[in-house]
Every structure is written in C-alpha cells, then in structure tokens.
Amino acid sequence: MPDAPVIRPARAEDAGAIDAVIRAAFAGSEHGHQGEAELVRMLEADGDALVSLVAEVGGAVAGHVLFSRMDVEADGAALSAAGLAPVSVAPALQGRGIGAALIRTGLDALRAQGVAISFVLGNEAYYPRFGYSPDLAARFALPFAGPHFMAMMLDSHAPWPLGGRADYAPAFGRMG
C-alpha cells in the first residue's frame with residue numbers, strides 16, 4: 001500500500017517538519033496549540049527524550065510521538081518511567097491509525113529500553129486501547145488527577161505498584 005505510514009526514529013533534520021505537524025495538529029484541537037512544539041524542543045535539548053518517532057507518508061513527515069523521561073518512585077524504589085506527550089498527526093491524515101501506530105511502536109521501543117511504566121495525560125476514551133489506566137495512575141502522587149491521567153505497566157504481567165510519586169521531566173514545569 002503506497003500510503004501506508006513508515007514509522008522511524010526522528011532525526012535532527014526532521015525538527016522543522018515535526019514542529020509544523022505538531023502546530024497543525026494542535027491548532028485544530030479543542031484547546032488549540034499551547035506550546036507542544038516548544039515542549040518537544042525543550043525535552044530534546046534537555047536530553048530527556050527517550051523515544052522520538054515520526055510517521056512518514058509519501059516521503060513526508062505526517063506524524064510524531066515523543067516519550068520523555070520521568071522521575072518515578074513506586075513502593076519505595078525508583079521505577080524507570082516515561083511520559084507520552086505529545087502525539088500528533090497532520091490534520092488531513094488523522095483518523096487513519098497513524099497516531100496509534102506511532103504510540104504502539106513507541107511503547108515497544110520503551111519495553112526494549114527496559115522502561116517499566118508509562119504515563120499519559122489525555123483522552124480517557126482513546127488511551128485505554130493501548131493499556132493505559134486511570135486506576136493505576138491514581139496510585140501516584142503528582143499534580144494531575146482524574147480520568148485524563150493514566151498509566152500502564154509496560155510488562156503486562158508485572159504487578160501494579162501500591163503507590164508512589166511521579167514527576168514529569170523539568171521542561172513540563174517550564175511550560176508554565
């Protein structure tokens with residue numbers, strides 16, 4: 001299929017295209033663009049990006065996902081963790097599974113790196129299909145709460161921690 005997305009690691013020369021896709025994707029969202037492109041640049045510059053992937057369609061960047069390092073303690077011990085934010089797809093290509101392919105590929109990359117848990121703040125009707133749960137996230141102390149804050153153990157057989165705390169990378173705090 002010629003229009004099937006090709007998922008690959010983001011490269012430095014993709015920065016402009018990634019920025020454009022993020023801005024276009026969020027401009028049409030309920031809240032509009034709120035600095036997501038700037039957040040990606042800060043996370044990359046700080047060295048906190050764990051997985052950064054693009055989806056190419058017809059040789060052009062059509063989507064992007066970033067997973068960044070988090071500081072997480074669970075049941076009294078450090079736990080390797082990543083936050084998913086943002087995921088974006090060019091508006092004309094949304095609804096074709098590109099975002100889902102980016103997320104699934106990113107989660108596989110995190111598993112390969114030995115990351116134990118991932119968090120996301122997003123649509124409670126969308127992210128559970130990947131394994132994210134608000135019930136797991138509720139066990140962690142941090143500024144976010146409610147059904148939009150979700151977490152998933154990357155090893156589906158691993159027991160859920162009883163409790164702990166989770167902090168996003170410093171760039172999130174600098175967003176204001």
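**Ground rules.** I am working with a predicted model, where local features need pLDDT of at least 70, side-chain atom pairs count only at pLDDT 80 or more, and totals for chains, interfaces and linings use all residues. Residues are numbered from 1 along each chain as its sequence is written, and side-chain values use heavy atoms, with hydrogens and water left out.

I looked up the second largest pocket and found about 210 Å³ of space in it. A pocket here is an open set of points on a 1 Å grid over the protein atoms alone, where a 1.4 Å probe fits and protein lies on both sides within 12 Å along at least five of seven lines. The volume is the space filled by probe spheres set on the points, which are joined across faces, edges and corners. The lining has 13 residues, and Ala 15, Ile 18, Val 40, Arg 41 and Glu 44 are the closest to the centre. Helix 1 (15-27) and helix 2 (36-46) are the elements that give two or more residues to this lining. For the record, helices are DSSP runs of H or I with at least four residues, strands are E runs of at least two, and both are numbered from the N terminus. By class, I noted 7 nonpolar, 2 polar and 4 charged lining residues. Asp, Glu, Lys and Arg count as charged; Ala, Val, Leu, Ile, Met, Phe, Trp, Tyr, Cys and Pro as nonpolar; the others, Gly among them, as polar.

**Strands.** Next I followed strand 4 (residues 77-89), which runs antiparallel to strand 3 (residues 60-74) over 11 bridges. Two strands pair if DSSP finds at least two bridges between them. Gly 63 has Val 89 as its bridge partner in strand 4. The two strands form a hairpin with 2 residues between them, and Asp 75 in the turn has a positive phi of about 55 degrees. Strand 4 also pairs with strand 5 (residues 117-121), in the parallel sense over 4 bridges.

**Aromatics.** Which residues form one aromatic cluster with Tyr 126? I found Tyr 127, Phe 130 and Tyr 132 there. Rings of Phe, Tyr and Trp (its six-membered ring) pair if their centres lie within 6.5 Å; planes under 30 degrees apart are stacked, over 60 edge-to-face and the rest tilted. Tyr 127 and Phe 130 are both buried, that is, under 20% relative accessible area, with exposed over 50% and partly exposed in between (1.4 Å probe, protein chains only). Tyr 126 is partly exposed because its relative accessibility is 23%.

Conventions:
On a 1 Å grid over the protein atoms alone, a cavity is a set of points where a 1.4 Å probe fits but cannot get out, and a pocket is an open set with protein on both sides within 12 Å along at least five of seven lines; lining residues have an atom within 4 Å of a point.
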